[in-house]
Amino acid sequence: MLPAAAQLRVFKDVKEGERLVVVATNVAETSLTIPGIKYAVDTGKEVKNCNSSSGTETYEVQWIKLGTGPGHCYRRYSSAAYSNIFPDFSLAEISKVPVDGVVLLRKSMTIDKVDGAALDEAERCLKILQALDKDGRLTPLGRAMAHYPMSPHHTRMLLTVSQVLI
């Protein structure tokens, strides 16, 4: 839920004698995507889901199955709960968020290459919202939209309303 600039701070080098601490609801995704994570505290739950038909995010607390990387994981539940209650697999984080928001975030991080049918469709939608130009480059409006932790459609609506009210 942090703006893109705040999220990028986890990729900066950690100084000698310091530790990187990331507080997240989904430790498995964090430990797999952020290099250098050695210790994690795991609640065993996650909260985000995506309704693909409406393109909206919902927040429902549910158990997750973890596949953390090398290091130490301090779990806040028993091994019996892990073995008996947790599902065998959790959905990947990218399937729990509207894809257009992921594409907008990638573009704001200057990751320009986007492949795949769903991502191509998301890029087309971002062009309609004027977040990307006809060549797929981030526009000033798109840069502003990337700072908001909500779907691009809602962000565009918010920015449009705020311009009308000024």
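**Around helix α4: a chat**

Q: Good to know. What sort of model is this?
A: It's a predicted model, where local features need pLDDT of at least 70, side-chain atom pairs count only at pLDDT 80 or more, and totals for chains, interfaces and linings use all residues. Residues are numbered from 1 along each chain as its sequence is written, and side-chain values use heavy atoms, leaving out hydrogens and water.

Q: How many helices and strands does the protein chain have?
A: Seven helices and four strands. Starting at the N terminus, their order is α-α-β-β-β-β-α-α-α-α-α.

Q: And how much of the protein chain is buried?
A: Buried residues are 29% of the 166 in the protein chain. Buried means under 20% relative accessible area, exposed means over 50%, and partly exposed lies in between (1.4 Å probe, protein chains only).

Q: Back to α4, which of its residues are buried?
A: Asp 100, Val 102, Val 103, Leu 104, Lys 107 and Ser 108.

Q: What do those buried residues of α4 pack against?
A: They pack against α1 (4-8), α5, α6 (140-145) and α7 (152-165). Contact means heavy atoms within 4.5 Å.

Q: How do α4 and α5 sit, at what angle and how far apart?
A: Helix α4 covers residues 99-108 and helix α5 covers residues 117-128; they pack at an angle of about 75°, and their axes are 8 Å apart. The axes are lines fitted to C-alpha atoms, for helices over the stretch in contact, with angles from 0 to 180 degrees between N-to-C directions. The two helices, α4 and α5, are therefore roughly perpendicular to each other. By the cut-offs, under 35 degrees is roughly parallel, over 145 roughly antiparallel, 65 to 115 roughly perpendicular and the rest oblique.

Q: Which residues meet there, α4 side and α5 side?
A: From α4 come Val 99, Asp 100, Val 103, Leu 104 and Lys 107, and from α5 come Ala 118, Leu 119, Ala 122, Glu 123 and Leu 126.

Q: Are Glu 123 and Lys 107 buried or exposed?
A: Both Glu 123 and Lys 107 are buried.

Q: New topic: how many salt bridges does the structure hold?
A: Five. Among them, Asp 133 pairs with Arg 137, with the closest N and O atoms 3.4 Å apart, and Asp 135 pairs with Arg 137 at 3.2 Å. Salt bridges with shared partners join Asp 133, Lys 134, Asp 135 and Arg 137 into one network.

Q: How exposed is Arg 137?
A: Arg 137 is partly exposed, at 48% relative accessibility. Asp 135 is partly exposed at 47%, and Asp 133 is partly exposed at 23%.

Q: Where is Gly 136?
A: Gly 136 sits in the loop between α5 and α6. Gly 136 counts as buried, with 3% relative accessibility.

Q: What is Gly 136 in contact with, leaving aside neighbours within four places in sequence?
A: Gly 136 is in contact with Lys 107, Glu 123 and Lys 127. The C-alpha atoms of Gly 136 and Asp 112 are separated by 7.9 Å, with the two residues 24 apart along the chain.

Notes:
A salt bridge is a side-chain nitrogen of Lys or Arg within 4 Å of a carboxyl oxygen of Asp or Glu.
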